[in-house]
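Below are some notes for a colleague who is opening this structure for the first time. Please read them with the sequence and the model side by side.

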Amino acid sequence: MTLNTSEPIAVESPPEAADGPDADKVAPRRLGISFWTAIGWILLVSAAALVAPWLPIADPEEIGAGGRLDGPGWDNWFGTDSNGRDMFSRTIWGARVSLMVGLVSILVGFLIGGVVGVVSGYRRGFIDRTLSFIVFVILSFPSLVLFLLIISIVGQGLWVVSLTLSVLVVPSVARLGRAITIAFSEREFVAAARLLGATNRRVMVREILPNVLIPMSVILLLGLGITIVAEGGLAYLGLSVADGFSWGKMIQIGAAPRTLRTAPWAAFFPIGAMFLTVLSLNWVGDRLRQYFDIREQGIGSR
Amino acid sequence: MAGTLLSVQDLKVGFRTEQGVVRAVDGVSFDLEAGQTIGIVGESGSGKTVTAKALMNLLPSYAHVEGTVIFGDRDVFAMAANREKHFWGVEMTMVFQDPMTSLNPVKKVGEQIAESLRVHLKKSRREAFAEAGDLLEQVGIPEPGKRLTQYPHELSGGLRQRVVIAMALACGPRLLIADEPTTALDVTVQKHILDLLDDLRRDRGMAMILITHDLGVVKGRADEIMVMYAGHTMEEAPTATLFSEMRHPYTEALLETIPKIDTPSHTRLVPIPGRPPEVIEIPDGCPFAPRCRYSTARCLTDRPGLTSHGSGHACACHAPVGTPSGSEARAANESAGTTAAGLDMAQFTRKVPVIDFAPPGAEG
Amino acid sequence: MFAVVFAATFLAYSAMNVLGDPLFNVVGFYASVDCDAVLAGEVEDVIGTRPGSTVGECQIVAEAREKYHLNDPLPVRYGRWVGAMAQGDFGESFKNYMPVSTILSERLPKSLLLMGMSVSIGLGVAIPWAVAAAYRANGRLDKASTTGAFGLLSIPGFALGVILFYFFVIRYQIFPSRFVDDDLFSRLRSLFLAALTLGLPLAAIYQRLLRTDLITTLQEDFVITAKAKGLSDRRIMFRHVLRPSLFGTVTVVGLNTAALFSGSIIIEQIFSIPGIGRELYVSVVRDDNPVVLACVVVIVAAFVIINSVVDLLYSYLDPRVRRDT
């Protein structure tokens with residue numbers, strides 16, 4: 001006769017970081033089919049966005065490609081918006097802006113945050129405290145307010161928006177970079193390198209960086225999801241890149257009360273596209289994090 | 001048998017793991033009379049704690065349990081299956097090894113004791129707290145009123161263990177299981193706690209299962225002793241008999257590991273050579289054979305069953321100590337230089353150390 | 001702590017006044033005209049202005065400069081602004097000359113109510129959810145909730161808002177489409193969907209964190225002691241395991257407050273709620289500096305206050321910390 005005491009099964013589970021989706025407890029050895037599906041979707045969207053000008057789809061700006069606010073059908077797979085423009089093609093073209101802005105933002109943020117974090121973690125002391133304080137100030141600023149301020153003052157070009165959005169990611173990247181750098185600078189191979197006469201900078205570049213890059217790649221993926229959403233929010237408020245339209249802008253157009261009432265698909269398709277893309281990015285980033293966590297024991301963001 | 005409080009019959013506990021089924025407990029049986037103490041002795045991995053947890057319904061869901069346990073006139077495993085709510089913690093309770101982690105750090109001491117009283121005996125908050133204070137006094141904690149509102153981290157290890165004991169006694173159990181209750185404590189405190197348990201047991205007419213790896217602990221305090229190894233019972237006997245007429249080589253080896261008061265200082269202690277087997281790899285035959293100086297070829301292939309060596313004295317061995325077959329086996333091994341399992345007999349001789357640190361003229 | 005407030009507000013103040021021109025709203029185009037030169041008689045006509053009016057307009061500009069003390073150096077202006085704020089004077093809106101404090105006192109309570117509701121929904125959903133998932137870790141419910149939480153986290157807040165708005169306001173008309181201020185109940189009702197939009201993703205975040213912490217706590221020895229006492233699983237989960245596990249979640253609640261304000265800006269737009277978020281957005285677009293700055297102060301102050309409360313909560317939850325405070 002078996003006893004069923006319903007005690008939860010004991011499993012090793014390190015406490016999770018407060019940012020980003022959390023890892024599952026027992027990391028699977030393989031990455032799983034959902035992982036590859038997510039990768040597939042990301043590649044699909046990226047590819048479509050990249051080759052959009054050469055795809056045999058309708059002109060996204062062409063007014064009257066279908067009737068006004070037609071539902072999805074054979075002529076217009078995703079229907080049309082309030083100006084009669086084909087939604088399917090617009091969704092693909094919208095991907096271009098959404099992805100581009102997101103990508104540039106994350107890369108800039110990664111760069112800045114990485115430098116700040118590694119320097120902060122390696123040098124410690126006054127520099128560290130100052131940088132940490134600045135990061136904390138940025139964290140306490142509601143990000144959207146900052147964006148509103150900067151964009152309304154400086155303008156709505158692609159680079160401005162991207163640079164502004166990068167601020168979103170810098171604190172997380174810096175914090176992580178700092179923690180990992182600190183963890184590593186205690187390790188033997190750094191001491192060994194220093195003994196051999198390497199300068200501070202040399203040590204940072206050749207010994208610490210390679211081991212820092214893996215967790216940072218995970219942040220890159222997860223952060224991309226965040227910036228895409230943030231850009232979407234800005235676009236919804238009409239504050240994103242002025243020419244061209246992203247998914248967020250499409251949602252803004254589609255969510256106008258009258259449009260929403262009669263033709264909800266005008267908003268729902270871009271929402272769906274954004275949701276699936278962000279979901280895939282989060283999924284891939286999270287799975288990767290689990291996969292590498294098992295190997296790199298002890299490297300966490302704490 | 002009238003008066004038998006607890007009857008364990010052929011208890012087996014297995015755990016499903018990726019590598020197969022681990023038999024942590026493989027056929028353990030014993031009886032316990034009301035008011036008696038039985039000591040379960042063994043190294044870590046012997047299955048003694050798992051046995052206790054099986055009785056207390058504390059095993060995880062991937063454990064597979066067989067056998068029968070009768071408490072009074074109730075079937076314990078049937079109660080577990082029926083999710084009986086007021087048995088464990090009431091009639092049968094347990095005290096654990098590490099008092100530093102056994103208590104909830106964010107709850108006051110008084111609350112933790114009073115909880116059993118309120119949940120099981122439905123006492124009011126005030127009553128329960130008052131009784132908790134009494135209990136603290138009974139376990140010998142000074143200033144019990146003050147302690148009630150303190151948190152565990154404000155008490156020393158010894159005091160915490162007393163609190164744990166008070167918690168276990170709250171509802172007046174008939175059986176207390178103490179799993180290595182003093183292992184994590186200072187030596188000076190150990191005796192106090194053990195004495196305390198003795199006194200309480202006697203005052204309340206409570207039965208006790210005392211689990212330990214140290215034969216010295218149970219020597220004066222248990223009525224009966226059961227020696228376990230790798231999930232099996234090796235020997236079982238009333239205490240006096242066990243010490244004077246031990247039969248099992250493992251028991252003999254355990255006894256030899258206890259330093260005696262008249263051993264010259266600086267004498268190297270003799271541990272039992274080898275390690276307990278990995279629970280997955282338990283070989284055929286007697287599990288102790290690889291480390292046993294009495295082992296014969298038969299020991300490696302045939303698992304010995306429990307045979308009787310007098311009233312209440314059972315032993316599972318093919319070549320028991322103090323028997324003709326045992327002495328023969330040992331002599332054969334000694335002349336061959338190795339045991340049947342290939343163990344070098346030289347490891348068993350007590351060595352006197354080469355270096356003497358005592359300065360000339362001082363006592364050795 | 002105050003250093004943070006000062007730093008943040010100084011940042012905002014400088015940004016507004018240095019990168020943009022505060023005078024633009026007041027005097028329009030002429031803010032960009034080099035009025036000093038005009039008034040000094042060096043320049044007669046400026047391109048784009050009506051002939052003959054330039055001098056007059058420039059005089060207005062000079063007066064405005066005096067009135068708003070814009071000729072003083074930046075740190076002085078900042079100091080003056082802080083001083084005024086300390087006395088409760090937040091200045092007047094550039095646009096409609098209403099005292100900012102009035103605007104704030106009208107709008108702030110609604111936003112606070114919204115945020116309170118959101119966090120309540122978030123915690124109210126997350127706690128039972130996390131307990132259920134941790135109780136049978138890796139069981140069916142747990143695995144399903146991981147996926148569910150993931151989905152909730154991935155959907156952009158405003159998208160969720162639009163979806164909820166569509167289904168519950170337009171399609172099925174269960175909730176009002178704009179804020180109704182009659183009594184507490186109608187206010188709660190108006191805010192409910194918005195609170196849900198903000199609260200559900202919060203619940204997902206809280207749940208994942210809490211679940212992990214619960215599982216970690218479940219490995220502790222005192223849980224076995226509790227089981228040995230014969231306590232029911234429910235009692236153990238809620239009365240013994242939950243409290244020590246809440247630390248991480250409480251910290252996140254504090255840190256998320258800033259994010260909540262961000263989110264509320266968009267959400268208040270979607271659901272037409274006259275709160276501080278919406279006011280902030282509108283004012284930034286209009287370059288209504290005093291209002292923007294006042295909102296920034298309030299928001300940053302709220303963040304600092306909430307984090308202090310979080311610290312206090314720590315000592316309540318963990319008596320080991322209490323010793324040092």
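1. Chain A has 10 helices and 0 strands, where helices (H or I, at least four residues) and strands (E, at least two) are DSSP runs numbered from the N terminus. This is a predicted model, in which local features need pLDDT of at least 70 and side-chain atom pairs count only at pLDDT 80 or more, while totals for chains, interfaces and linings use all residues. Residues are numbered from 1 along each chain as its sequence is written, and chains are lettered from A and ligands numbered from 1 in the order in which they are written.

2. Of the 302 residues of chain A, 47% count as buried, that is, with 20 or more other C-beta atoms, placed from the backbone, within 10 Å of their own.

3. The contact between chains C and B takes 18 residues from chain C and 25 residues from chain B, two residues being in contact if their C-beta atoms, placed from the backbone, lie within 7 Å. On the side of chain C that touches chain B, α10 (221–228), α11 (233–245) and α15 (319–322) of chain C each give two or more residues, and the largest share, 6 residues, comes from α10(C).

4. Within chain C, the axes of helix α6 (residues 100–135) and helix α13 (residues 276–285) come within 7 Å and cross at roughly 130 degrees; axes are lines fitted to C-alpha atoms, for helices over the stretch in contact, and angles run from 0 to 180 degrees between N-to-C directions. Here C:I103, C:R107, C:L108 and C:S111 in α6(C) meet C:I276, C:G277 and C:E279 in α13(C).

Methods. A residue is buried if 20 or more other C-beta atoms lie within 10 Å of its own, exposed if 12 or fewer, and partly exposed in between; C-beta atoms are placed from the backbone.
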